[in-house]
Amino acid sequence: MCGIVGIVGKEQVNQSIYDALIVLQHRGQDAAGIMTIENNMFNLRKDNGLVRDVFHTRHMKRLSGKMGIGHCRYPTAGSSSSAEAQPFYVNSPFGIAFAHNGNLTNSHELQDEVFRIARRHINTTSDSELLLNIFAHALHETAALTLHPDEIFTAVEKVHKKIRGAYAVVAAIIGQGMVAFRDPHGIRPLVLGKRTTAFGDEYMVASESVALDAVGFKFIRDVAPGEAVYVTEEGELFTKQCAKNAVCNPCIFEFVYFARPDSFIDGVSVYASRVNMGRKLGEKIKREWAHLDIDVVIPIPETSMDVALQIANTLNLPYRQGFVKNRYIGRTFIMPGQKMRRKSVRRKLNAISSEFKGKNVLLVDDSIVRGTTSEQIIEMARESGANKVYFASAAPEIRFPNVYGIDMPSANELIAYGREIEQICECIKADGLIFQDIQDLVDAVKEENANIPRFETSVFDGDYVTGDIDQEYLESIDKARGESAKGTPRFQAELSNLEMHNIDN
């Protein structure tokens, strides 16, 4: 999961791109990068780390130009090396800077094709670099020195025909303009915005609408699945649907916890969808768990707070903030070994004992991935004096790997894999465990936009919307991951990183 942004402006865009990345930081905290274009030259700064740490005044001064793109990275395919920080670029044709959010599912066969047919070398293990070279080769085949919008769109059509998976892309082409496009299933989000200045209209694309808000751009609409957007250097906007049979199947995890609550994705208010999740889950508890003697509802900060408040309202129970989050602790995933990560959870969260002592509490989280964090938080509640600790998840059981940009490819690492709910409850040492029903989750989001025909829900039901994922594929990526990263601190901790996402942010 990553954040992308691109701007074609009438004035310098470096500050606006930086500000947009700051509000998209929740989508990726591993690395950040900005590339601008001025005088037909790329200006690039990228490195591992948070946006605020990667860019200093000296870097911002070098990032001059009225067109540029930015990226914040959450590692999925590939390693965490700074060499894989984005944007990437290629010199031919024209010079293309490129940033990508998502994950390709046919990358192995594409790598061979790129070498054999295009004679292009891929220097990293990132499928984003692979996607860049496929796009670059498609543009090269146009043989035009000055690109017309139709030639841009033809290149995007070729890309759609070759690649599978999830991708939202922004690219800046020297001497031409900015291109953005989205996969035909619309799995990963992309929005288009506009800002009118005294010098003319400026256009922006970003992963979430909140990035537009942050820099004063007006939301125009979501980029449609399969659609391409092209903005020339002069600020002319062109759009075209570049895929046949495109359909909107957004990843439902965007609404569960990845996206910010103040964003709108595919016509859905993320905040409203989470309120609906809380109401649905509260109704289930009232209907099926009325025997539970719950005294208070307490969220695990902070993505689940809106859900927990609505559960409390539905059950007519008190809602309390039982945990305080320390915002100044580094990310837990870099901690080597389970013992250090356990200590880091304690440093990130501290319980308010008075809210637990002598009470039967219902803890609410957005999801349960590996279960390690959930177990530790339940333990903290008991140590603070809770009589009983029940646990509710706004998402159903995560039983299957994700292949579209969320870094949890190994089913064996998932606590719900091969276990019934009672067994999961025993593993995390709760007195009761309630999961959201998958249909209720879908309905909660669809309430905000009934026109979405289907959501990408593969981690819950194993039904992959691209139709190209089978058990052999899942086993192959699991094997490849183990061979390349087994035993490293990152491999040991990546899923704890995902599970800690809402605590980290």
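**Exercise 1. Is Lys357 buried or exposed, and what does Lys357 touch?**

Step 1: find the spot. Lys357 sits in the loop between strand E18 (349-351) and strand E19 (360-365); strands are DSSP runs of E with at least two residues, helices are runs of H or I with at least four, and both are numbered from the N terminus.

Step 2: list the partners. Skip the neighbours within four places in sequence, and Lys357 is in contact (heavy atoms within 4.5 Å) with Ser384, Gly385 and Ala386. Asn387 lies 30 residues along the chain from Lys357, with 7.4 Å between their C-alpha atoms.

A quick note on the source: this is a predicted model, where local features need pLDDT of at least 70, side-chain atom pairs count only at pLDDT 80 or more, and totals for chains, interfaces and linings use all residues. Residues are numbered from 1 along each chain as its sequence is written, and side-chain values use heavy atoms, with hydrogens and water left out.

**Exercise 2. Work out why Thr314 counts as buried, and name its contacts.**

Step 1: Thr314 belongs to helix H10 (residues 305-315).

Step 2: its relative accessibility is 15%, so Thr314 counts as buried.

Step 3: leaving out residues up to four places away in sequence, Thr314 touches Gly278, Arg279, Gly282, Glu283 and Lys286.

**Exercise 3. How many residues apart in sequence are Glu448 and Val268?**

Step 1: Glu448 is in the loop between helix H14 (438-446) and helix H15 (458-461).

Step 2: the two are 180 residues apart in sequence, yet 5.2 Å apart C-alpha to C-alpha.

How values were computed: Buried means under 20% relative accessible area, exposed over 50%, partly exposed in between (1.4 Å probe, protein chains only).
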